[in-house]
Amino acid sequence: MKVFKKNKGSGGETRVAAGFLRGRKLSTPGGGTHPMGSREKLALFNMISAETMRAEILDAYAGSGALGIEAMSRGARHVIFIEKAPRAVEVIRENLGRLELLEDAEIFQGSVGSFQSERRFGVVIADPPYNDFKIDEVIYLTSFVKTGGVFVLSHPGEAPELPGLELQKSNAYAASHISVYVK
């Protein structure tokens, strides 16, 4: 995902890659968030395109909300965004409002570890910060995947083993990897 910086320290923008919102601009919060590269984002959604249609999706470590919004553009029914940074939450809300998606989304402001829900999701997307990668939080997120659902993880290094999930695919893109697991 390309990011165009407005000025040092501020957010920038990126665009939705496909679906009914293709080409629409999204703001990014800056301040340490790391938008997924466009090549990686396209690969991710190519790997899970069938699972995304009409799915309820959990977008963890949401940043600007770009991955959840991309899923909505490609047919996801509902997305819950988890993000702890207040500025990022504002940006998610602004992006959803500008794209008229607020009715089909919820934003949880807090850490991944404090998120609770009785819901189980067809797709859970986790794009944690690589400089603070916490495997215990990643494992916690897997509890929200419904049986037959997919868990998508962006991570440094080799794909971790995740209890109760079977690794289906793992691809490397420079220093990052995207792995898809099935429950």
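Which residue in β7 stands opposite Ile 57? In the predicted model, that position is taken by Val 123. The two strands concerned, β4 (residues 56–60) and β7 (residues 121–126), are paired in the parallel sense over 4 bridges.

This pairing belongs to an open sheet of 7 strands, arranged in the order β6-β5-β4-β7-β8-β10-β9, with mixed pairing. The edges are formed by β6 (105–109) and β9, each of which pairs on one side only. On average, and with direction ignored, neighbouring strands of the sheet are turned by 15 degrees against each other. Helix α3 (residues 86–98) packs on the sheet, where contacts are made with β5 (78–83) and β6; the direction of α3 makes about 170 degrees with that of β6. Helix α4 (residues 135–142) lies across β4, β5, β7 and β8 and runs at about 160 degrees to β8.

Strand β10 (residues 176–182) is mostly covered, as 6 of its 7 residues are buried. In the sheet order, β10 stands between β8 and β9. With β8 (residues 145–156), β10 pairs in the antiparallel sense over 7 bridges, and Val 150 is found opposite Val 182 of β10. With β9 (residues 166–173), the pairing of β10 is likewise antiparallel and extends over 7 bridges; here Ser 179 of β10 is the bridge partner of Ser 170. The hairpin of β9 and β10 has 2 residues between the strands, and within this hairpin Ala 174 adopts a positive phi near 55 degrees.

Notes: Residues are numbered from 1 along each chain as its sequence is written. This is a predicted model: local features need pLDDT of at least 70, side-chain atom pairs count only at pLDDT 80 or more; totals for chains, interfaces and linings use all residues. Side-chain values use heavy atoms; hydrogens and water are left out. Buried means under 20% relative accessible area, exposed over 50%, partly exposed in between (1.4 Å probe, protein chains only). Two strands pair if DSSP finds at least two bridges between them. Axes are lines fitted to C-alpha atoms, for helices over the stretch in contact, and angles run from 0 to 180 degrees between N-to-C directions. Contact means heavy atoms within 4.5 Å.
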